[in-house]
Every structure is written in structure tokens, then in C-alpha cells.
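User: I would like to learn how to read pockets and helix packing in a model. Can we work through an example together?

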Amino acid sequence: MTEETQEPLFMHDEPGPRWTVAKAAHRIAEPAEEVARVATQLRSFAQRHLVQTRGQKGGGRTAHNLFAPADLATAAVLRTLTHLGIADNAVLEAASGACYSWRLSDDWKPEASHPITAALNGLAKGQWWQ
């Protein structure tokens with residue numbers, strides 16, 4: 001039996017700055033990792049709707065997607081899974097959904113729009129999240 005989740009709402013204004021793919025890739029790349037490879041992976045996550053985008057900079061075919069801190073944290077989770085050898089898209093979709101969607105059985109009022117945002121807020125307050 002699978003647990004029902006709320007549909008993620010991406011129309012709200014996610015807190016924090018916005019980064020293009022190139023700047024986002026620099027932020028989530030591991031030391032000595034090729035940033036261009038990370039940018040390609042981030043683009044792939046966005047095209048597959050595993051990582052959400054928060055708008056675009058520029059227009060037309062050369063427009064740049066913009067990512068919020070919660071989106072970079074979700075990308076980091078997905079990158080960790082792929083580094084562990086997990087390539088099953090259903091698993092990656094489940095991980096993405098867990099980052100972006102609260103469970104309907106949550107009987108408390110979340111303090112953030114997404115679980116990943118709540119985790120980032122908790123880290124900023126010195127809480128331990130894993």
C-alpha cells in the first residue's frame with residue numbers, strides 16, 4: 001500500500017536566491033568534479049521533472065532555467081543516488097517526490113512549502129536532518 005501525498009505546489013515563491021544552471025552546478029559539484037558534467041546532469045533532472053525550476057532568465061531557445069536553494073538540495077539528493085548506482089527512474093521520482101511533497105498523513109502544519117525546504121530551514125537553525 002502506498003501512502004498518499006499532496007500534489008506539490010510550485011507556483012509559490014520559494015525563498016532564497018535564484019541560480020542559472022552554470023552557477024547551480026558550481027554550487028553542487030564535488031571538489032575536482034567537472035562542472036560541465038554536473039550542469040548536464042542538472043539539465044537532465046529538470047527536463048525529466050525531477051528537479052523543479054523557478055523561472056527563466058532571458059528568452060527563446062537560449063533562456064536559462066533558474067533554481068532555488070530547495071531545488072539544488074533536491075538535485076544533490078538525486079546526484080547522491082545516481083553516484084550510488086541507482087538509475088531506476090521510478091526510484092529517482094520517488095526521491096524527488098519525497099523532497100517536494102508532504103504526506104497527507106502529516107497531522108501537523110508544516111512550516112515550509114516542501115520537506116526539503118523545512119530541512120534547509122532546520123539546518124540553518126542548527127537542527128540535525130538526515
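User: How much space lies in the second largest pocket?

Analyst: First, the ground rules. This is a predicted model, where local features need pLDDT of at least 70, side-chain atom pairs count only at pLDDT 80 or more, and totals for chains, interfaces and linings use all residues. Residues are numbered from 1 along each chain as its sequence is written, and side-chain values use heavy atoms, with hydrogens and water left out. A pocket is an open set of points on a 1 Å grid over the protein atoms alone, where a 1.4 Å probe fits, with protein on both sides within 12 Å along at least five of seven lines. Its volume is the space filled by probe spheres set on the points. Here that is about 210 Å³.

User: Which residues line the second largest pocket?

Analyst: Lining residues have an atom within 4 Å of a point. Among them are Val-21, Arg-43, Gln-56, His-64 and Phe-67. The lining divides into five nonpolar, five polar (Gly among them) and two charged residues.

User: Which element gives the largest share of that lining?

Analyst: Helices are DSSP runs of H or I, at least four residues; strands are E, at least two. α2 gives the largest share, three residues. α1 (21-28) and β2 (64-65) each supply at least two.

User: At what angle do α1 and α3 pack?

Analyst: Angles run from 0 to 180 degrees between N-to-C directions of axes fitted to C-alpha atoms. For α1 and α3 (residues 69-83) the angle is about 60 degrees, with axes 10 Å apart.
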